[in-house]
Amino acid sequence: MKVIVARDYNELSEKAANILASHIVLKPNSVIGLATGSTPIGTYKELVRIYEEGRISFKEVVSFNLDEYYGLDKSNKQSYYYFMNKHLFNHINIKEENIHIPNGIAKDIELECKNYEGKIKQAGGIDIQLLGIGRNGHIGFNEPDVKFEALTHLVNLDEDTINANSRFFGSIDNVPKLAISMGIKTIMQSKKIILLASGSEKAKTIYNMIHEKITPELPASVLQLHQDVTVILDQGAAQLL
Ligand code: GLP
């Protein structure tokens, strides 16, 4: 794993956006994997700025998001579909048909998951996948004890994740308890991975991800086995390294 420690959150966001932008410049039809959560918001802001300056185009870019809450439709303000439009897609020239986010209200979830994998394959696989990390070490919504060989599937959210995400939902009772997520295998098949973490509350998890044993108890630890991972941290997240 390559570890970059940025001065602060702004520099972390700039570095992540620059890596994504250079990928798109070199391969205009890049297949990019995108993440939600608060950490990548700065990266998306920076990508929009680079786009507005005319330095990159998303005309041929294809995107796949990691996950979506089960039971939330596109218009729900807490859905990841809504999040992505708000923070990125509404501000760039990506084509609607090139955007992929799991459908949280699909009638047949198993089929939705299978089709999602099929679409990734058809697009030629993910060139570069952006990841955040949960406090419990989850990536996407792959919670501790996940099967490393899993592809896109329906997951039960961990209590810790439900607690952490309740800040967006007003009350803990409103947080969905299930989500559709790319599996660890889907993520590991990406050609390149960038993982972002900000703040001291992630420091222990980051230390364990990099230095401790690879275990489904800490899903992100599997990234030690990927051949091209760049971890971008701010001082807080890097403080135990
Ligand atoms: C959610 C998302 C993850 C994200 C995590 C951390 O659970 N499914 O993809 O990495 O939150 O979020 P934050 O960046 O807000 O700490």
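Modeller: Leaving aside its neighbours within four places in sequence, Lys192 is in contact with Asp127, Ile128 and Asp228; two residues are in contact if their C-beta atoms, placed from the backbone, lie within 7 Å. The model is a predicted one, in which local features need pLDDT of at least 70, side-chain atom pairs count only at pLDDT 80 or more, and totals for chains, interfaces and linings use all residues. Residues are numbered from 1 along each chain as its sequence is written. The mean pLDDT of the protein is 97, and 100% of its residues reach 70 or more; pLDDT is the predictor's confidence in each residue, from 0 to 100. For the complex, the predictor gives an ipTM of 0.96 and a pTM of 0.97.

Lys192 is found in strand β9. Helices (H or I, at least four residues) and strands (E, at least two) are DSSP runs, numbered from the N terminus. Lys192 counts as partly exposed because 18 other C-beta atoms lie within 10 Å. A residue is buried if 20 or more other C-beta atoms lie within 10 Å of its own, exposed if 12 or fewer, and partly exposed in between, with C-beta atoms placed from the backbone. Thr36 is 156 residues away from Lys192 along the chain, and their C-alpha atoms are separated by 18 Å.

Next comes the strand on one side of β9. β6 and β9 pair in the parallel sense over 4 bridges; two strands pair if DSSP finds at least two bridges between them. In this pairing, Ile128 stands opposite Lys192. Strand β6 comprises residues 128–131; Ile128 and Leu130 point one way from it, Gln129 and Leu131 point the other way, and all are buried. Further along, β2 and β6 run parallel and are joined by 2 bridges, with Ile32 opposite Ile128. Ile32 also stands opposite Ser63 in β3, and β2 (residues 31–34) pairs with β3 (residues 62–65) in the parallel sense over 4 bridges.

Because 4 of its 5 residues are buried, β10 is largely enclosed by the rest of the structure. β10 also pairs with β1 (residues 2–5) in the parallel sense over 4 bridges, and Lys2 stands opposite Thr230 in β10.

The strands can now be put together. An open sheet is formed by 7 strands in the order β1-β10-β9-β6-β2-β3-β5, and the pairing is parallel. β1 and β5 (99–100) stand at the edges, each with a single partner strand, so one side of each is left without a neighbour in the sheet. In general, strands of a sheet pair through backbone hydrogen bonds, either parallel or antiparallel.

Two helices deserve attention as well. In α7 (residues 203–211), Thr205, Ile206 and Met209 are buried. Seen down the axis of α7, its buried residues fall within an arc of 100°, so they line one face of the helix; the arc is that of the directions from the helix axis to the C-beta atoms. The buried residues of α7 pack against β9 (192–197) and β10 (229–233). In helix α3 (residues 80–87), the buried residues are Tyr80, Tyr81, Phe83 and Met84. They cover an arc of only 160° around the axis, which puts them on the same side of α3. The buried residues of α3 pack against β2, β3 and β4 (67–69).

The largest nonpolar core has 63 residues, of which Ile194, Leu195 and Leu233 touch the most other members. A nonpolar core is a set of buried Ala, Val, Leu, Ile, Met, Phe, Trp, Tyr and Cys residues joined through C-beta atoms within 7 Å. In soluble globular proteins, nonpolar side chains tend to be buried together. Leaving aside its neighbours within four places in sequence, Leu233 is in contact with Val3, Val5, Ala6, Leu12, Ala197, Ile206 and Ala238.
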